Amino acid sequence: MAESYSICVLPGDGIGPEVVDCARRVLDALSAAGGPVFVYDVQPAGHGTFLECGEAMPAASMAAAKAADAVFLGAMDVAEIPSGGGDPLGDLRIELEVGASVRPSRTLAGIVSPAADIDCVVVREVTEGLYSRIEYMVGDDAACAVRVISRSASTKTARMAFEQATARQRVRAAVGTDKPTRVTSVHKIGVLKLTDGLFLEACADVARDYPNIEYETKNIDACAMEMVREPGHFDVILATNAFGDILSDVAAGLAAGLGLAASACIGDRWAYFEPVHGTAPDIAGRGIANPCATILSAAMMLRHLGEDAGADAVEAAVYAVLAQGDVRTGDLGGTASSAEMTDAIVQALSS
Ligand code: ATP
């Protein structure tokens with residue numbers, strides 16, 4: 001009998017519910033083809049939830065997230081939630097103890113990308129750094145944000161990066177690719193001497209446990225330029241919160257764009273999966289959002305659950321439809337609706 005998994009679904013705002021429904025159709029098609037069974041627990045969270053009940057992440061939604069085998073998110077309009085209304089993504093990261101976010105980006109057959117050959121993954125710390133949410137005013141003239149870097153969170157994130165590198169090295173060995181497996185940690189040590197000093201120290205300590213993985217460090221500004229000039233150099237990019245936030249969007253833009261960028265936030269006990277894009281209010285409600293980023297996030301969830309065959313099948317179906325090129329959403333230059341794109345992926349999955 002196939003495995004059964006409980007999935008807490010937080011559709012969120014804007015295009016979130018639309019793309020989550022598409023991904024669920026793909027997961028259900030996988031189940032129908034003899035794959036694992038998914039039991040969904042759909043819970044409210046986000047700006048719409050705040051407007052309805054005064055809190056953006058109700059306690060029952062958080063409890064459901066903690067009780068599930070995995071959490072699957074659409075997108076949340078966190079910028080619209082007034083201060084005091086809650087920070088659903090921040091709370092989720094803290095409560096689920098997910099220290100690191102993993103965001104892969106690579107060029108795909110059939111997709112015209114600014115970079116000819118990018119295949120990298122950004123591993124980013126997500127609970128502290130410049131996004132620690134500690135801000136205060138100094139008199140009337142200055143506002144300060146506190147950049148918290150801890151050895152424990154840095155070590156956890158670095159370990160995630162080296163584990164990602166090890167997995168990539170294994171895949172490369174299996175298919176005979178000679179790209180070196182490399183972790184690049186990103187900093188601004190010349191200015192942020194204490195915080196990035198501690199971050200780099202933690203990274204170097206972890207690197208010593210992985211002698212077969214090449215390790216280097218780069219200044220954030222030089223790294224951003226090199227990503228554009230020589231994207232093929234990068235493999236696993238290890239970064240603190242804000243630097244990683246920015247570089248993962250650079251990587252997504254250099255590869256196939258936000259409509260194809262998936263992500264996972266993984267901790268020791270819990271994990272959640274979501275597309276990199278936001279709520280896209282400009283296209284929400286029109287049924288034209290590209291569902292691929294969310295479907296590829298579902299594939300990351302399958303891999304995390306140990307369902308490698310299912311993850312491979314879903315990724316192969318998405319890549320086949322993109323390579324074939326007939327069915328594409330507007331962001332990729334086509335005219336297909338989200339539903340039509342999903343139909344094509346479901347069909348590729350079962351063929
Ligand atoms: P938020 O504040 O929620 O992050 P945003 O509009 O600032 O919303 P995104 O939602 O990431 O940021 O959207 C940026 C641009 O990319 C928008 O023009 C949006 O329409 C487009 N976009 C984002 N996701 C998709 C998608 N899945 N399919 C098609 N276009 C998308």
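Which residues in α3 meet which residues in α4? I began the notebook with this pair, and I found that M62, A65 and K66 in α3 meet D91, L92 and E95 in α4, where contact means heavy atoms within 4.5 Å.

**Ground rules**

I note that this is a predicted model, in which local features need pLDDT of at least 70 and side-chain atom pairs count only at pLDDT 80 or more, whereas totals for chains, interfaces and linings use all residues. Residues are numbered from 1 along each chain as its sequence is written, and side-chain values use heavy atoms, with hydrogens and water left out.

**Entry: α3 and α4**

For the element names I used DSSP runs numbered from the N terminus, with helices being H or I of at least four residues and strands being E of at least two. Helix α3 covers residues 59–67, and I read an angle of about 40° between α3 and α4, with their axes 11 Å apart; the axes are lines fitted to C-alpha atoms, for helices over the stretch in contact, and angles run from 0 to 180 degrees between N-to-C directions. I therefore wrote α3 and α4 down as oblique to each other, since angles under 35 degrees count as roughly parallel, over 145 as roughly antiparallel, 65 to 115 as roughly perpendicular and the rest as oblique. The crossing of α3 and α4 is right-handed, a label given if the near helix is turned clockwise from the far one by less than a right angle, with anticlockwise being left-handed. By class, I noted 3 nonpolar, no polar and 3 charged residues in the contact of α3 with α4; here Ala, Val, Leu, Ile, Met, Phe, Trp, Tyr, Cys and Pro count as nonpolar, Asp, Glu, Lys and Arg as charged, and the others, Gly among them, as polar.

**Entry: α11 and its partners**

I then looked up helix α10 (residues 308–324) against helix α11 (residues 338–350), which pack at about 120° with their axes 8 Å apart, and are therefore oblique to each other. From α10, the residues A313, V314, A317, V318, V321 and L322 meet M341, A344, I345, A348 and L349 of α11. This contact of α10 with α11 has 11 nonpolar residues, no polar ones and no charged ones. I also recorded that α10 passes α11 in a right-handed crossing.

For helix α1 (residues 16–32), I found that its axis and that of α11 come within 10 Å and cross at roughly 15°, which makes α1 roughly parallel to α11. The crossing of α1 and α11 is right-handed. On the α1 side I listed C22, R25, V26, A29 and L30, which meet S338, A339, T342, D343, I345, V346 and L349 in α11. The contact of α1 with α11 comprises 8 nonpolar, 2 polar and 2 charged residues.

In the loop between α10 and α11 I located G334, which touches R328 and T329 when residues up to four places away in sequence are not counted. G334 has a relative accessible area of 23% and is partly exposed, on a scale where buried means under 20%, exposed over 50% and partly exposed in between, with a 1.4 Å probe and protein chains only.

**Entry: cysteines**

How many disulfides does a search of the whole structure find? I got 0, a disulfide being a pair of cysteine sulfur atoms within 2.5 Å. The cysteine sulfur closest to that of C8 is in C265, 15 Å away and too far for a bond, and the one closest to that of C223 is in C120, at 9.1 Å, also too far for a bond. I noted C8 as buried at 0% relative accessibility, and C223 as buried at 0%.

**Entry: F162**

I placed F162 in helix α5 (residues 151–175), and found it buried at 0% relative accessibility. Leaving aside neighbours within four places in sequence, F162 is in contact with V183, C203, V206, A207, Y210, I213 and Y215. I also noted a separation of 9.5 Å between the C-alpha atoms of F162 and V123, which are 39 residues apart along the chain.

**Entry: positive phi**

Most residues other than glycine have a negative phi. I flagged E97, not a glycine, for a positive phi of about 50°; E97 is in the loop between α4 (88–95) and β4 (100–106), and is partly exposed at 48% relative accessibility. I flagged R133 as well, with a positive phi near 70°. R133 lies in the loop between β5 (119–125) and β6 (135–138), and its relative accessible area of 45% makes it partly exposed.
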